[in-house]
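User: I'd like to learn how to read cores, pockets and interfaces in a model. Could you walk me through this one?

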Amino acid sequence: MSIMLFFSILAPFIAACLVPFLFRYKRTIHTGWLVLPIPILLFLYFLLQIPNISGGNNIHLIINWIPSIGMNLSFYLDGLSLLFTLLITGIGTLVVLYSIYYLNKKEKLHNFYVFLMIFMGAMLGVVLSDNVFVLYLFWEFTSLSSFLLIGYWYHRERSRYGAFKSMIITVFGGLSMLGGLILLTIMTDTTSIREMIESKESVINSPYFTGTLLLILLGAFTKSAQFPFHIWLPDAMEAPTPVSAFLHSATMVKAGIYLSARLFLLFGGSDLFFILVTGFGLLTLCWGSYMAVRQTDLKAILAYSTISQLGMIMAMIGFGTEVAIFAAIFHIFNHATFKGSLFMIAGIVDHESGTRDIRKLGGLMTLMPISATLALFGTFSMAGVPLPFLNGFLSKEMFFKTATQISPTAPLVDQLFIIIPVLAVLGSIFTFVYSMYFFFQTFMGKSKETLEIKPHEAPIGMLVSPIVLVTFIVVIGLLPNLINEPILAPATAAVFGTVPEEHIAFWHGEINTPLLMSLAVVVLGTLLYLTRKKWSHVYRLLPGVLSANKAYDAVYEGHLRLSRKTTNMYMTGSLRHYVLYILLFLVASGGITLVVTDGFAFSTSDVAPISWPEIMVGIVMAIAAIATVFMQNRIAAILVLGVVGYGLSLLFVFFRAPDLALTQLIVETVTVALFLLCFYHLPKLDTKKQSTGTKTVNILISASVGILVTLVAIASHSSKRFETIAHYFIDESHHLGGGDNVVNVILVDMRGLDTMFEITVLGLAALGIYAMIRLRKEEEID
Amino acid sequence: MEILMSILAGILFATGVYLLLQRQLLKIIFGTALLSHGAHLFILTMGKLNRGAPPILVEGIEDYVDPLPQALILTSIVISFGVTSFLLVLAYRAYKTNQTDNMEHLRGNDHE
């Protein structure tokens with residue numbers, strides 16, 4: 001039966017392939033209805049696994065993919081995966097249902113549901129994979145599908161910006177994570193997460209431990225929008241609201257949390273893990289909730305709220321005690337319920353009133369009573385108001401409890417620990433403020449006349465999904481132990497290794513510190529909410545100029561500018577510059593090699609005797625060559641060049657190369673003739689003086705090339721490595737080739753292929769010349 | 001002798017490179033011609049000079065100069081001739097089309 005696990009991941013991908021056809025041939029029905037059965041069936045399947053998992057029977061499945069590098073489709077369903085699969089498929093179902101009413105049939109629905117199904121399959125793959133590389137594969141699939149979904153309305157500038165930003169940040173993190181995972185694989189010699197945890201010792205004692213941890217946490221932090229990588233999340237709010245509810249509150253942003261939790265048994269014991277995860281978690285909690293108060297867009301408030309809640313969960317994983325892990329798991333579940341419903345309500349408000357701007361909204365209570373009631377439960381649960389029917393309060397109180405309990409167990413400076421509960425309370429106060437702000441500004445007060453459409457209650461189909469989620473808020477608030485045994489306990493066991501003896505209760509029968517902290521949050525939060533106009537100018541001081549978004553834009557723009565500048569600097573379009581680069585590299589690499597390898601040698605033991613006629617010809621050639629440089633008259637330059645060529649053929653005569661001398665003579669004559677033919681059509685030689693700088697560079701470069709060539713020639717002549725093979729040609733020329741002119745025998749017999757292609761080159765040159773002269777556009781012919 | 005010929009090849013290379021760095025197309029082609037002369041001389045020098053008779057077999061002679069570099073140079077001469085003539089015609093066409101043979105002006109535009 002375990003093969004079903006594989007099909008559960010495959011099913012959304014198959015659905016994604018079918019959606020375009022369904023969209024095309026079933027135009028009368030909203031495509032969403034045809035997609036809906038997939039998440040429902042998957043949800044039921046995972047629901048049926050609860051008895052197995054809570055009984056300790058985890059499901060494991062391996063399908064060979066690329067066994068040679070240890071990349072197999074290895075899937076594993078334990079308590080933690082089960083919690084996430086239930087969230088993905090459950091909220092996925094509700095989101096698909098919601099989207100049916102949210103998205104018009106005129107939209108490009110096939111795109112939407114294809115992306116959504118890819119995302120769902122990828123997310124299931126992330127939480128079920130046991131193989132780190134398969135995990136990474138699905139991880140990037142979620143990044144990609146998220147990119148596509150954010151940019152769903154691609155004609156909008158802001159959508160494209162948001163999609164691009166989230167892509168860059170999450171893929172940056174994903175690649176870092178890949179690095180970390182590869183290091184883990186090298187350290188433990190396995191690609192399976194469970195086997196890695198078993199060989200934990202080799203990871204902890206490895207010199208790469210710190211780097212690995214940092215790289216993997218970078219992946220987790222970027223995906224889960226932790227400070228300072230949180231900036232992509234508010235911009236991802238340009239996506240359609242169902243997407244925001246699904247990806248950017250309930251599932252994808254928890255992938256980083258999932259990863260931290262999954263690898264908790266591997267890294268959990270280390271101080272660095274504690275410091276980083278707790279530190280960044282608390283920082284994100286405070287910064288996210290602080291920034292949320294300032295937003296004016298409903299979805300932006302929820303985005304910063306998500307950031308802050310994710311920070312809180314991350315901090316709890318960092319605490320690393322049994323209760324903290326349990327509380328983190330509990331809050332993952334709770335956050336998915338209330339944040340999903342709040343996003344859907346924000347979508348409803350947007351849909352039914354035409355704006356999401358909180359400054360334009362107000363007094364919707366009477367017009368949209370059902371949505372308002374749902375929002376009330378959602379926001380109060382998010383704020384952690386101490387009421388017995390709100391799940392958010394329960395997990396928040398556990399958060400406070402773990403924050404105060406942390407100091408005795410961890411081996412760090414005690415005085416620092418007082419800051420943890422303080423930060424926890426501070427973050428929660430701001431959470432309270434923005435929750436109240438969200439609810440009261442939207443639904444209470446006077447209704448405003450500026451709205452374009454008259455607000456009215458949403459259709460019942462749109463309300464079903466938030467109603468279901470709010471039901472969860474209340475039911476779990478009232479009866480928290482309902483999900484304790486079947487879901488939370490196995491999940492905690494999967495993360496921490498042992499099952500906690502935790503009973504979630506609203507009232508512990510005594511007044512303890514966490515309860516007092518909760519009360520302080522409510523009191524201070526109410527005060528701050530009522531006086532918020534008086535202190536809102538602090539936002540000008542902080543973040544003020546210290547905005548991470550500005551930093552991102554500056555880095556991005558600066559990067560573009562820098563690369564443009566760099567490219568413009570060396571890609572000048574001037575041939576001379578490119579030739580200079582090539583020659584400089586030649587001189588530098590050749591010179592350095594000569595010096596470093598001590599390659600220069602000088603020996604006169606094996607040289608031919610000097611004879612004067614040859615010297616004279618050589619001197620004439622040298623003078624002629626140098627003279628070509630200074631010639632200002634075209635004919636003189638061509639003739640002097642001819643002197644070099646004829647000199648060379650004379651040298652060939654002296655050095656006993658009759659065929660060469662002949663060929664050189666003819667070729668030189670023809671070349672000179674060609675030059676003379678062409679010069680008639682070409683302009684006069686440029687006599688304009690070059691600047692001294694340019695001239696100096698030219699002289700330096702050409703002199704050094706000349707010297708390098710000379711040195712190489714002398715060195716290679718002076719160091720004898722092996723015998724020449726000339727005697728073979730000479731011995732066998734007559735016998736094998738049937739000819740006495742050895743050079744010719746070599747050309748046509750022994751190395752005939754060279755000659756064939758040399759003929760080809762000549763033929764091609766001729767064809768090219770013909771084409772250049774004859775084949776032109778009509779109007780170009782002079 | 002080889003040492004001196006190496007120096008001569010170096011001079012040919014230096015002047016060739018200097019011409020290659022000029023603005024005018026014609027001078028650049030002069031440069032390539034000089035460079036190929038230098039290269040041919042270089043190859044010949046590597047094969048050792050004046051060690052025996054020309055490589056045409058004659059009864060009774062044992063020592064011949066190395067025929068292989070000569071074969072290589074012969075191929076190279078022909079190829080460089082092909083390239084040089086092609087370049088010359090190219091220069092002619094480029095001048096006709098663009099009305100300039102100054103390489104600094106023949107830079108293309110930003111959209112290429």
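This is a predicted model: local features need pLDDT of at least 70, side-chain atom pairs count only at pLDDT 80 or more; totals for chains, interfaces and linings use all residues.

User: How do I read the interface, and how much area do chain A and chain B bury between them?

Analyst: Interface size is often given as the accessible area lost when the parts come together. Here chain A and chain B bury about 8300 Å² between them, with 76% of it on carbon and sulfur atoms. Chain A brings 101 residues to the contact and chain B brings 76 residues. On the chain A side, A:F655, A:R656 and A:M772 supply 8% of the area buried against chain B, more than any other three residues.

User: Next, the cores. Which residues have the most contacts inside the largest nonpolar core?

Analyst: For a core, look for buried nonpolar residues joined through side-chain atoms within 4.5 Å. The largest one has 199 residues, and A:F75, A:F267 and A:F319 have the most contacts inside it. Helix α18 (residues 322–353) of chain A gives the most to this core, 18 residues. A separate, second core holds 79 residues, including A:F679, A:L747, B:Y95 and B:M103.

User: What does A:F319 touch?

Analyst: Leaving out residues up to four places away in sequence, its partners include A:F274, A:F399, A:I406 and A:I420.

User: And where is the centre of the largest pocket, judging by the closest lining residues?

Analyst: The pocket has about 1100 Å³ of space. Of its 33 lining residues, A:T724, A:I725, A:A726, B:G47 and B:D66 are the closest to the centre. Helix α33(A) gives the largest share of the lining, five residues. By type, the lining divides into 13 nonpolar, eight polar and twelve charged residues.

Conventions. Residues are numbered from 1 along each chain as its sequence is written. Chains are lettered from A and ligands numbered from 1 in the order in which they are written. Side-chain values use heavy atoms; hydrogens and water are left out. Buried means under 20% relative accessible area, exposed over 50%, partly exposed in between (1.4 Å probe, protein chains only). Helices (H or I, at least four residues) and strands (E, at least two) are DSSP runs, numbered from the N terminus. Contact means heavy atoms within 4.5 Å. On a 1 Å grid over the protein atoms alone, a cavity is a set of points where a 1.4 Å probe fits but cannot get out, and a pocket is an open set with protein on both sides within 12 Å along at least five of seven lines; lining residues have an atom within 4 Å of a point. Grid points are joined across faces, edges and corners, and a volume is the space filled by probe spheres set on the points. Ala, Val, Leu, Ile, Met, Phe, Trp, Tyr, Cys and Pro count as nonpolar, Asp, Glu, Lys and Arg as charged, and the others, Gly among them, as polar. Buried area is the accessible area (1.4 Å probe) that two parts lose on being put together, summed over both.
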